[in-house]
Amino acid sequence: MKPNLLFDLGGVIMDIEKSRCVAAFKALGLEDADSYFGEFSQQGPFMLLERGDISVDDFHAALRPHLPAGTPDSAIDEAFCRFLVGIPEHRLAALRRLRSSHKVYMLSNTNPIMWRSTIRDEFTREGLAREDYFDGIVTSFEARSLKPDAGIFRYACRKLGIEPADTVFIDDSQANLDAAAALGFGTILAAPGRDIFTDGTLDSL
């Protein structure tokens, strides 16, 4: 049994839906909104924000020329957060149980807008805080690197004090899992439509 579990967030712990975000930005007036969003990664200023290359203010400034004059920053943030559907409470309970037998960590490609609002709030469903569910957390904008780049995994190992050989990485992207496996991590694919918290996948860990 490997002592460390390293979870992705979106598509594993938190349900996400790209189409909701695309529709929200189209409603704001962002032409070609589809071109900015992939299933596992973003493009343009969305990617730069997620990788920590630009600030939130710079992100807003980059989008303003493509939106109707006077569009408030709050409307941009709200549309962006439509990507996130939410965290079912049974997954929060499962994370708490897993911490009785493992060290539980999170490694997420995310951005400060979602991280400081919707993501933070979704972890309060049981009256706890996001940090109460994990022994350590790494975000892409903090690490200045995005999965599947090897750099973010090496950063996670340094910050969290873990070794790949002692860690199972759980993600919904096969490309991310392949990158982790190349560094020596064990891996589990959380395939779309599959809830690994209820289907028995985690029971044997």
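User: How do the axes of helix α1 and helix α4 cross, and at roughly what angle?
Analyst: In this predicted model, the axes of α1 (residues 18–28) and α4 (residues 73–81) come within 7 Å. Axes are lines fitted to C-alpha atoms, for helices over the stretch in contact, with angles from 0 to 180 degrees between N-to-C directions. Angles over 145 degrees count as roughly antiparallel, so α1 and α4 are roughly antiparallel. They cross at roughly 155 degrees.

User: Which residues of α4 meet α1?
Analyst: Contact means heavy atoms within 4.5 Å. By class, this contact has 8 nonpolar, no polar and no charged residues. From α1 come Cys21, Ala24, Phe25 and Leu28; they meet Ala75, Ile76, Ala79 and Phe80 in α4.

User: Is Gln42 buried or exposed?
Analyst: Gln42 sits in the loop between α1 and α2 (44–50). Leaving out residues up to four places away in sequence, Gln42 touches Tyr36, Phe37, Met47, Glu50 and Phe83. Buried means under 20% relative accessible area, with a 1.4 Å probe and protein chains only. The value for Gln42 is 8%, so Gln42 is buried.

User: Which elements do the buried residues of α5 pack against?
Analyst: Helix α5 spans residues 89–98. Its buried residues are Arg91, Leu92, Ala93, Ala94, Leu95 and Leu98. They pack against β1 (4–7), β2 (15–16), β4 (103–108) and α7 (118–122).

User: How are residues numbered, and what limits apply?
Analyst: Local features need pLDDT of at least 70 and side-chain atom pairs 80 or more, while totals for chains, interfaces and linings use all residues. Side-chain values use heavy atoms, without hydrogens and water, and residues are numbered along each chain as its sequence is written, from 1.

Key. Helix = DSSP H or I, 4+ residues; strand = E, 2+ residues; numbered from the N terminus. Parallel < 35°, antiparallel > 145°, perpendicular 65-115°, else oblique. Nonpolar A, V, L, I, M, F, W, Y, C, P; charged D, E, K, R; others polar. Buried < 20%, exposed > 50% of the residue type's maximum accessible area, 1.4 Å probe, protein only.
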